[in-house]
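Colleague: I would like to go through the helix packing and the aromatic residues here. Can we take it one question at a time?

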Amino acid sequence: MAAGKGPLDQFTIKPLIELDIGGADISFTNSSLAMLITVVAASLFLVVGMRRGQLVPGRWQSMAELGYEFVASLLKETVGNEGRKYFPWIFTLFMFILFGNMLGMIPSAFTFTSHIIVTFVMALVVFIFVTLLAVAKHGLRFFSFFVPPGAPKAMWPLLIPIEVISYLSRPVSLSVRLFANMLAGHTLLKVFAGFVFTLGAAGVVPLLFIVALTGLEVLIAFLQAYVFTILTCLYINDALHLH
């Protein structure tokens with residue numbers, strides 16, 4: 001979390017390398033840098049962890065295998081064997097969000113998952129992918145997804161618009177959930193950290209509270225990566241099996 005004058009200054013996007021092409025601002029920002037660091041860190045974690053591939057895994061290999069098995073079991077439980085082909089994408093999504101969230105826990109680091117534009121783009125990609133997957137697999141039968149099974153035909157004019165709105169709101173709810181949790185948690189930490197600094201020696205008890213709050217925020221960082229991933233798996237399951 002970057003230091004600043006206010007609790008929200010840590011979320012300010014700042015250009016590091018200014019680029020302007022045809023009036024379009026494509027500057028390389030602190031958010032871009034954080035995403036790049038996240039990709040490199042996650043890649044190094046997996047490469048270093050699986051470099052030797054020992055029968056009796058060491059510390060790094062155990063953590064890499066734990067992450068692999070966690071996502072694999074999650075995908076199998078929610079989608080079944082049909083979901084195996086989507087594992088590389090789901091695993092990449094989980095690791096990117098997890099490492100991005102954890103990177104934001106480092107002092108002076110930028111939390112790109114606290115920006116709605118980033119989380120919305122990820123959610124929109126998920127939404128478009130599962131929709132195209134459903135249409136490709138089921139064709140026009142895909143639209144039966146918006147008809148609740150067993151519902152009387154007389155109720156269709158009321159229920160179908162509700163189902164459509166619910167379906168279209170998926171990228172919004174998926175993105176807001178991640179963005180809001182990371183934004184709120186980091187803002188709260190910043191506010192309480194300011195109190196501890198102001199209190200000086202009298203801030204020992206608040207400091208202990210900050211430590212506990214930081215631990216909670218680390219847990220939330222993992223949970224939000226998990227929630228985003230499992231919802232994506234559930235959406236894939238809906239696309240493959242409809243109702």
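Colleague: Which residues of helix 3 are buried?

Modeller: This is a predicted model, and buried here means under 20% relative accessible area. Helix 3 is mostly covered, with 12 of its 17 residues buried. The buried residues are F87, I90, F91, L93, F94, M95, I97, L98, F99, G100, N101 and L103.

Colleague: Why does the span of helix 3 agree with its number of residues?

Modeller: Helix 3 has 17 residues, and at 1.5 Å a residue they should span 24 Å. The span agrees because the end C-alpha atoms of helix 3 are 24 Å apart.

Colleague: At what angle do helix 1 and helix 3 pack?

Modeller: Helix 1 covers residues 30-49 and helix 3 covers residues 87-103. Their crossing is right-handed. The axes are 9 Å apart, and the angle is about 115 degrees.

Colleague: How many nonpolar, polar and charged residues does that contact of helix 1 with helix 3 have?

Modeller: Helix 1 contributes A34, M35, I37, T38, V39, A41, A42, F45 and L46 to the contact. From helix 3 come F91, M95, F96, F99, G100 and L103. By class that gives 13 nonpolar, 2 polar and no charged residues.

Colleague: F145 and F146 form an aromatic pair; is it stacked or edge-to-face?

Modeller: The whole structure has 19 aromatic pairs. In the pair of F145 and F146, the centres are 5.8 Å apart and the planes are at 80 degrees. Planes over 60 degrees apart count as edge-to-face, so this pair is edge-to-face.

Conventions
Residues are numbered from 1 along each chain as its sequence is written. This is a predicted model: local features need pLDDT of at least 70, side-chain atom pairs count only at pLDDT 80 or more; totals for chains, interfaces and linings use all residues. Side-chain values use heavy atoms; hydrogens and water are left out. Rings of Phe, Tyr and Trp (its six-membered ring) pair if their centres lie within 6.5 Å; planes under 30 degrees apart count as stacked, over 60 as edge-to-face and the rest as tilted. Axes are lines fitted to C-alpha atoms, for helices over the stretch in contact, and angles run from 0 to 180 degrees between N-to-C directions. Helices (H or I, at least four residues) and strands (E, at least two) are DSSP runs, numbered from the N terminus. A crossing is left-handed if the near helix is turned anticlockwise from the far one by less than a right angle, and right-handed if clockwise. Contact means heavy atoms within 4.5 Å. Ala, Val, Leu, Ile, Met, Phe, Trp, Tyr, Cys and Pro count as nonpolar, Asp, Glu, Lys and Arg as charged, and the others, Gly among them, as polar. The expected span of a helix is 1.5 Å times one less than its number of residues. Buried means under 20% relative accessible area, exposed over 50%, partly exposed in between (1.4 Å probe, protein chains only).
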